[in-house]
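This report is a short tour of a single model. Keep the sequence and the coordinates open while reading.

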Amino acid sequence: KTAVFKAKVTGNPTPTITWSRANGEIHYHPDVCLQKFDEASQEHTLQFPKVSPEDADTYKCFATNEYGRAVCTVLLNVIEVGFSKSKEFQKPQGTDIADYRKKLKKRNADGTREEKPMEPEEKVWEILLSADKKDYERICAEYGITDFRGMLKKLCEMKKEREEEIAGFISQISSLKHIDVKEDNCATIELDMDLKDPSSKIFLYKDGVMVPFTVEESESMKHSLKQVGKKYVFTIKNLGAGDAGLYSVDVEGVNIFSTDFK
């Protein structure tokens with residue numbers, strides 16, 4: 001079934017049209033939700049090609065220009081009739097999603113990860129947990145995930161669970177910057193976080209394997225961590241092909257942020 005909301009908007013200057021939902025974000029993807037504008041009818045539409053119970057929510061259409069903003073609210077109800085078995089989330093080796101969460105949580109007694117390279121199934125979930133939503137489609141294509149809606153549902157569950165774990169060690173986290181290559185042949189990973197306990201242990205991993213680093217810049221150490229107030233900056237010097245991989249920042253036994261360096 002398909003659900004479509006239509007809005008005909010006029011204004012001078014021409015308003016900018018945006019849509020939102022009360023619970024969570026709208027994920028624009030051909031299988032989930034599409035935003036369109038028909039020049040002939042001058043209609044803005046929000047379309048759900050394969051509407052599902054997860055789409056049920058209150059939606060708002062905003063029309064904004066320099067003189068103000070107008071809003072229209074609509075409610076989407078989805079009623080399931082009978083039993084339908086949806087296509088199971090497609091993933092390599094048929095591993096259950098719950099198993100991925102368990103793998104991502106595996107830690108030694110001191111909070112460090114098990115000393116082993118990450119499997120592709122583990123890696124893609126850790127990438128998605130820290131990715132911008134605009135990159136979801138690219139990541140899914142790269143790792144062969146075809147059920148985009150199923151991925152979003154499971155990712156939402158995993159994000160909520162991780163946020164609860166992070167809250168045990170960090171009061172606030174922001175300004176997460178994915179790995180950035182500098183002109184002096186080095187790369188940095190930046191984030192702002194307010195640790196509840198300043199003595200909490202911070203770990204850096206590459207593809208699941210711990211990376212030793214110094215807290216001050218050193219000629220002999222390739223990786224370093226600099227802290228200025230609540231800002232933490234990891235630096236990787238003398239970049240080479242061997243530095244490519246998934247870098248993960250953990251506090252105690254909780255993954256805080258991951259960034260894929262290619």
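The text below covers a sheet, the salt bridges and a helix.

This is a predicted model: local features need pLDDT of at least 70, side-chain atom pairs count only at pLDDT 80 or more, and totals for chains, interfaces and linings use all residues. Residues are numbered from 1 along each chain as its sequence is written, and side-chain values use heavy atoms, with hydrogens and water left out.

**The sheet**

Three strands form an open sheet in the order E2-E5-E6, with antiparallel pairing. Strands are DSSP runs of E with at least two residues, helices are runs of H or I with at least four, and both are numbered from the N terminus. Two strands pair if DSSP finds at least two bridges between them. Strand E2 (16-21) and strand E6 (68-76) are the edge strands, and each pairs on one side only. From one strand to the next, the twist averages 20 degrees. Axes here are lines fitted to C-alpha atoms, for helices over the stretch in contact; angles run from 0 to 180 degrees between N-to-C directions. E2 and strand E5 (residues 57-65) run antiparallel and are joined by six bridges. Take Thr 18: its bridge partner in E5 is Phe 62.

**Salt bridges**

Side chains of opposite charge can pair when their charged atoms come close. The structure holds 18 salt bridges. Each is a side-chain nitrogen of Lys or Arg within 4 Å of a carboxyl oxygen of Asp or Glu. Three of them are tabulated here.

| Pair | N to O distance |
|---|---|
| Glu 142 and Lys 262 | 2.8 Å |
| Lys 231 and Asp 192 | 3.1 Å |
| Asp 243 and Lys 222 | 3.1 Å |

Start with the salt bridge between Glu 142 and Lys 262. This pair links distant parts of the chain, 120 residues apart: Glu 142 is in helix H3 (residues 136-143), and Lys 262 is in the segment after strand E14 (254-261). Glu 142 is partly exposed at 41% relative accessibility, while Lys 262 is exposed at 61%. The cut-offs are under 20% relative accessible area for buried, over 50% for exposed and in between for partly exposed (1.4 Å probe, protein chains only).

Next comes the salt bridge of Lys 231 with Asp 192. Lys 231 lies in strand E12 (residues 231-236) and Asp 192 in strand E8 (residues 187-195), so the pair links distant parts of the chain, 39 residues apart. Lys 231 is partly exposed, at 30% relative accessibility.

Asp 243 is in the loop between E12 and strand E13 (245-251), and Lys 222 is in the loop between strand E10 (209-210) and strand E11 (223-228); the two are 21 residues apart. Asp 243 is buried at 8% relative accessible area. Lys 222, at 28%, is partly exposed. Salt bridges that share partners also join Lys 177, Glu 190, Asp 192 and Lys 231 into one network.

**Helix H2**

How many of the 11 residues of H2 are buried? The count is 10, so H2 is largely enclosed by the rest of the structure. The buried residues include Val 124, Trp 125, Ile 127 and Leu 128.

Glu 126 also lies in H2 (residues 120-130). Glu 126 is buried, with a relative accessible area of 2%. Its side chain makes a polar contact with the side chain of Arg 113 (3.1 Å). Another polar contact, of 2.4 Å, joins the side chains of Glu 126 and Ser 248. A polar contact is a pair of N or O atoms within 3.5 Å; within protein, one must be able to donate a hydrogen and the other to accept it, and residues adjacent in sequence count only if both atoms are side-chain atoms.
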